[in-house]
Protein chains: 2
Amino acid sequence: MLIPFDDNYFMKKALQEAETAFEKGEIPVGAVIVIDNKIIARAHNLTQTLNDVTAHAEMQAITAAANFLGGKYLRGCTLYITLEPCQMCAGALYWSQISNVVYAAKDEQRGYKKMGGKLHPKTIIKGGVMEEEASMLLKKFFIQKRNLN
Amino acid sequence: MLIPFDDNYFMKKALQEAETAFEKGEIPVGAVIVIDNKIIARAHNLTQTLNDVTAHAEMQAITAAANFLGGKYLRGCTLYITLEPCQMCAGALYWSQISNVVYAAKDEQRGYKKMGGKLHPKTIIKGGVMEEEASMLLKKFFIQKRNLN
């Protein structure tokens with residue numbers, strides 16, 4: 001059976017957000033939040049544009065999804081994010097009690113697993129979905145940035 | 001010598017923010033960010049009012065201080081916060097590279113020390129400033145809430 005709405009489908013949407021970030025000169029990370037196969041929030045990293053370390057894609061997506069739902073808890077929702085969350089975003093996800101987090105690339109340096117943060121015990125986490133595509137975009141960004149400096 | 005601008009002076013300002021949160025029915029946590037003995041950001045917890053788990057006092061204060069300074073790094077700044085930061089806020093403070101964090105009450109359950117997060121290696125942290133006052137306000141809030149339910 002063909003399932004049109006699978007993890008790859010939604011991660012592609014998150015990657016489109018990451019590409020938009022790339023075009024703005026932002027570290028290319030994108031996110032979507034989904035409930036019942038419907039995207040209720042889209043966001044990409046805007047830390048440079050907004051001069052704000054808190055403007056990670058996940059943070060904006062959490063705020064937007066809660067706004068859409070009219071409540072601050074994201075039970076039943078899935079976050080698709082192109083890079084493993086940092087401890088700040090893991091902390092926000094913890095408070096949101098989100099049901100699922102699916103990420104693409106690992107963040108060996110600043111990911112929440114390395115930094116020591118925790119997701120909510122009810123949250124199911126899955127990594128490695130479209131990892132190659134997300135990593136390539138990040139590498140392309142940092143190579144380009146190095147050449148410009 | 002009398003030093004008018006000491007930790008107690010600024011923590012009192014953070015406590016005033018916490019009292020404002022209390023009056024709004026929010027968990028009473030308040031924050032100020034200071035540079036060169038000048039308050040550049042004031043904020044209090046607004047998670048209920050804004051329906052947003054990311055609306056902790058620290059997060060709003062970080063965004064406001066960066067906006068005031070015109071840059072996202074808070075080097076040279078001190079955050080005064082009435083409750084030990086959670087992992088989300090510790091993560092945001094990490095990214096901001098803030099110089100000093102001074103908190104009042106410990107958060108044994110959800111503080112970043114318990115949850116496993118990290119501040120930036122350049123950040124100096126100090127706890128217990130006006131701990132009694134901040135704890136009393138939090139206790140008063142939770143007792144009142146329990147009696148209303």
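**A walk through chains A and B**

Let's start where the two chains meet: 29 residues of chain B are in contact with 29 residues of chain A. Please keep in mind that this is a predicted model. Putting the chains together buries about 2500 Å² between chain B and chain A, and carbon and sulfur atoms give 58% of that area. On the chain B side, B:Val53, B:Lys72 and B:Trp95 lose the most area to chain A, and together they make up 27% of what that side buries.

What kinds of contact join the chains? Between chain B and chain A there are 14 residue pairs in polar contact, counting pairs with both residues at pLDDT 80 or more. The count of salt bridges between chain B and chain A, on the other hand, is 0. Four helices of chain B give two or more residues each to the side that touches chain A: α2 (47-50), α3 (57-69), α4 (87-96) and α5 (112-115). Of these, α4(B) gives the most, with 8 residues.

Staying with chain B, we can look at a pair of strands. Strand β1 (residues 30-35) and strand β2 (residues 38-44) of chain B run antiparallel and are joined by 6 bridges. Within this pair, B:Ala31 stands opposite B:Ala43 in β2(B). The two strands form a hairpin with 2 residues between them, and B:Asp36 in the turn has a positive phi of about 50 degrees. As a general point, strands of a sheet pair through backbone hydrogen bonds, either parallel or antiparallel.

Now let's turn to chain A. Its open sheet has 5 strands in the order β2-β1-β3-β4-β5, with mixed pairing. At the edges stand β2 (38-44) and β5 (124-126) of chain A; each has a single partner strand, so one side of each is left without a neighbour in the sheet. From one strand to the next, the twist averages 15 degrees.

Helix α6 (residues 131-148) of chain A lies across β3 and β4 of chain A, running at about 55 degrees to β4(A).

Technical notes. Residues are numbered from 1 along each chain as its sequence is written. Chains are lettered from A and ligands numbered from 1 in the order in which they are written. This is a predicted model: local features need pLDDT of at least 70, side-chain atom pairs count only at pLDDT 80 or more; totals for chains, interfaces and linings use all residues. Side-chain values use heavy atoms; hydrogens and water are left out. Contact means heavy atoms within 4.5 Å. Buried area is the accessible area (1.4 Å probe) that two parts lose on being put together, summed over both. A salt bridge is a side-chain nitrogen of Lys or Arg within 4 Å of a carboxyl oxygen of Asp or Glu. A polar contact is a pair of N or O atoms within 3.5 Å; within protein, one must be able to donate a hydrogen and the other to accept it, and residues adjacent in sequence count only if both atoms are side-chain atoms. Two strands pair if DSSP finds at least two bridges between them. Axes are lines fitted to C-alpha atoms, for helices over the stretch in contact, and angles run from 0 to 180 degrees between N-to-C directions.
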